[in-house]
Amino acid sequence: MSIRFSPRTPLACAALLMLPLLAHGQQSATTEPVADSGSSSQWALGAGVGVERSPYAGYGNRTRALPLLMYNGPRFRLLGTTADLKLGAVGPVGFSLRVQYADEGYEGSDAPILNGMEKRKGGFWLGGAALWRNPYADLSLEWLADASGNSHGQTVKLRAEHRFKSGRFTLVPYLGVNWMSSDYVDYYFGVRSNEVRAGRAFYQGSSTANLVGGLRTDWQMTSSQSLFLDLRVTRFGSGITDSPLVDRSSAAGVRAGYLYHF
């Protein structure tokens with residue numbers, strides 16, 4: 001098992017910051033354009049932990065423990081590694097511009113299968129997002145492109161979710177599709193000619209789509225305090241599972257924590 005508290009990339013630890021917002025009936029920071037919060041600003045502090053299975057063979061779990069910080073204002077939102085500029089809405093559909101830092105890379109020492117591989121870096125992503133709220137399911141769409149120039153890749157995420165509330169408990173089942181371009185898949189899951197060795201053949205990644213499903217829940221302890229839990233399963237597309245670096249077709253993850261709202 002690999003345990004990361006991310007001193008190498010401290011910004012990456014803040015990825016769990018999206019969970020507090022999710023727990024209160026909004027979309028993930030990676031998929032939601034910010035809805036207008038009116039003239040007021042909202043702050044929240046807390047702590048959380050996340051455990052997620054890595055797709056790389058022999059890597060094990062990625063575990064992160066971190067403080068949580070959230071800000072949501074009338075025109076701007078910051079959720080850890082994601083920042084949104086709210087553009088407003090057209091009818092029931094809200095739009096935003098988005099910048100995001102993603103720590104999706106690895107080092108050759110992270111797992112035996114990666115020994116001798118060149119380092120893959122995370123980076124900044126730029127794009128936009130839209131959210132359509134309706135009585136049946138909230139639908140979100142996000143498009144991002146690699147602004148750091150590491151992978152030259154693009155991603156598109158489409159998600160549907162519905163919120164159920166009972167007393168102090170909120171349940172949000174969700175289902176989505178995450179598409180990744182061939183450049184993205186090749187950078188993170190490809191094997192270059194100079195990286196080939198016994199048991200690790202040359203591989204050039206192709207575009208693919210992952211299926212993501214899960215359940216978020218929130219327990220409102222008091223008017224300002226809450227606990228949240230997010231359980232999810234990701235089924236990888238063939239562009240990832242065909243890679244010699246990968247030994248599983250799916251991976252589970254769990255995130256939990258405490259949040260205090262101001």
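How many aromatic pairs does a search of the whole structure find? The search finds 10. Rings of Phe, Tyr and Trp (its six-membered ring) pair if their centres lie within 6.5 Å.

Some ground rules. This is a predicted model, where local features need pLDDT of at least 70, side-chain atom pairs count only at pLDDT 80 or more, and totals for chains, interfaces and linings use all residues. Residues are numbered from 1 along each chain as its sequence is written, and side-chain values use heavy atoms, with hydrogens and water left out.

A pair of aromatic rings is described by the distance of the centres and the angle of the planes. Planes under 30 degrees apart count as stacked, over 60 as edge-to-face and the rest as tilted.

Take Y56 and F189. Their ring centres are 5.3 Å apart and their planes sit at 25°, so this pair is stacked. The pair links distant parts of the chain, 133 residues apart. Y56 is in the loop between β2 (42–53) and β3 (61–72), and F189 is in helix α2 (residues 182–189). Helices (H or I, at least four residues) and strands (E, at least two) are DSSP runs, numbered from the N terminus.

Are these two buried or exposed? Y56 is buried at 2% relative accessibility, and F189 is buried at 7%. Buried means under 20% relative accessible area, exposed over 50%, partly exposed in between (1.4 Å probe, protein chains only).

Next, Y187 and Y188. Their centres are 4.8 Å apart with planes at 85°, so the pair is edge-to-face. Y187 is buried at 10%, Y188 at 2%.

Finally, Y56, Y59, Y106 and F189 form one aromatic cluster.
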